[in-house]
Amino acid sequence: MSLNTKDLQNYITKKSLNSGALLVGYTKIRRVEPVIILGFPFSDKCFFNYPITLTKQLSKVYKTSKNVQNIIAKTLKKEGYWAEYKTVLSVYGDFRPLAVSAGLGEWGRNGLVVNEKYGSSLLFAAIFTNAPLNTYIQDQTKEAPKHCIECNECINSCPANAFENGRFHLYRCLPYSIRGCSECLKNCRQNR
Ligand code: SF4
Ligand code: SF4
């Protein structure tokens, strides 16, 4: 297979979507190196409350993400490019800023990436490459995304007051979230 950039990118997008990814985006790290960001579905209903279901679901999403990323990385390598990937369970880092940069969603007031169609119940994985892909860099400096305008449901539903003064206070959230709180996710209208 020897594909031009446009065909290669179309192939990656189609293959990813057909193999279990919900979202595919292309952006750059440090505004230089291309990275492919994939979004996978993850139900907030399992979030912390049901540890066994959560583990099973995480394992399923991990396998799907690994399989898709393997296919894409092999394709890129066959085309003569360098490619490495990090799955949804990577300890490498948090891919949410890259997902926003790729245009896969906007920052919600609940600190998660909210996609217009799929809400915030998403996990992200990344494929790093030197292939000359067409990338997009979304401005992340906007004040409030349009889905959050006139909505304060996550803020109002939080028992820990973790969103006070327009900031997310992680240490207020933690004691609640480890006991099963996911009110901000459950109440986000984007997740309905
Ligand atoms: S998980 Fe619970 S405590 Fe933490 S921010 Fe969401 S609603 Fe607040
Ligand atoms: S609950 Fe409302 S304000 Fe909070 S993230 Fe969802 S849409 Fe935005």
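View 1. K186, at 39% relative accessibility, counts as partly exposed (buried means under 20% relative accessible area, exposed over 50%, partly exposed in between, with a 1.4 Å probe and protein chains only). This is a predicted model, in which local features need pLDDT of at least 70, side-chain atom pairs count only at pLDDT 80 or more, and totals for chains, interfaces and linings use all residues. Residues are numbered from 1 along each chain as its sequence is written, and side-chain values use heavy atoms, with hydrogens and water left out. The partner of K186 is E183, with the closest N and O atoms 3.4 Å apart; a salt bridge is a side-chain nitrogen of Lys or Arg within 4 Å of a carboxyl oxygen of Asp or Glu. Because K186 and E183 are three residues apart in helix α6, about one helical turn separates them (helices are DSSP runs of H or I with at least four residues, numbered from the N terminus). E183 is partly exposed, at 28% relative accessible area.

View 2. The structure holds three salt bridges. R96 pairs with D94, and their closest N and O atoms are 2.6 Å apart. R96 is partly exposed at 28% relative accessibility, as is D94 at 41%. R172 and E164 form a salt bridge through their side chains, at 3.1 Å from N to O. R172 has a relative accessible area of 32% and is partly exposed; E164 is partly exposed at 30%.

**View 3. The largest cavity and C188.** One cavity of 30 Å³ or more is present, and the largest cavity has a volume of about 80 Å³. C148, C151, C154, C188 and R189 are the closest to its centre among the 13 lining residues. A cavity is a set of points on a 1 Å grid over the protein atoms alone where a 1.4 Å probe fits but cannot get out, and lining residues have an atom within 4 Å of a point. The lining of the largest cavity divides into five nonpolar, five polar and three charged residues. C188 lies in the segment after α6 (183-186) and is buried, with 11% relative accessible area. C188 and E153 are 35 residues apart in sequence, yet their C-alpha atoms are 6.3 Å apart in space.

View 4. I178 sits in the loop between α5 (170-177) and α6 and is exposed, at 65% relative accessibility.

Key
Chains are lettered from A and ligands numbered from 1 in the order in which they are written. Helices (H or I, at least four residues) and strands (E, at least two) are DSSP runs, numbered from the N terminus. On a 1 Å grid over the protein atoms alone, a cavity is a set of points where a 1.4 Å probe fits but cannot get out, and a pocket is an open set with protein on both sides within 12 Å along at least five of seven lines; lining residues have an atom within 4 Å of a point. Grid points are joined across faces, edges and corners, and a volume is the space filled by probe spheres set on the points. Ala, Val, Leu, Ile, Met, Phe, Trp, Tyr, Cys and Pro count as nonpolar, Asp, Glu, Lys and Arg as charged, and the others, Gly among them, as polar.
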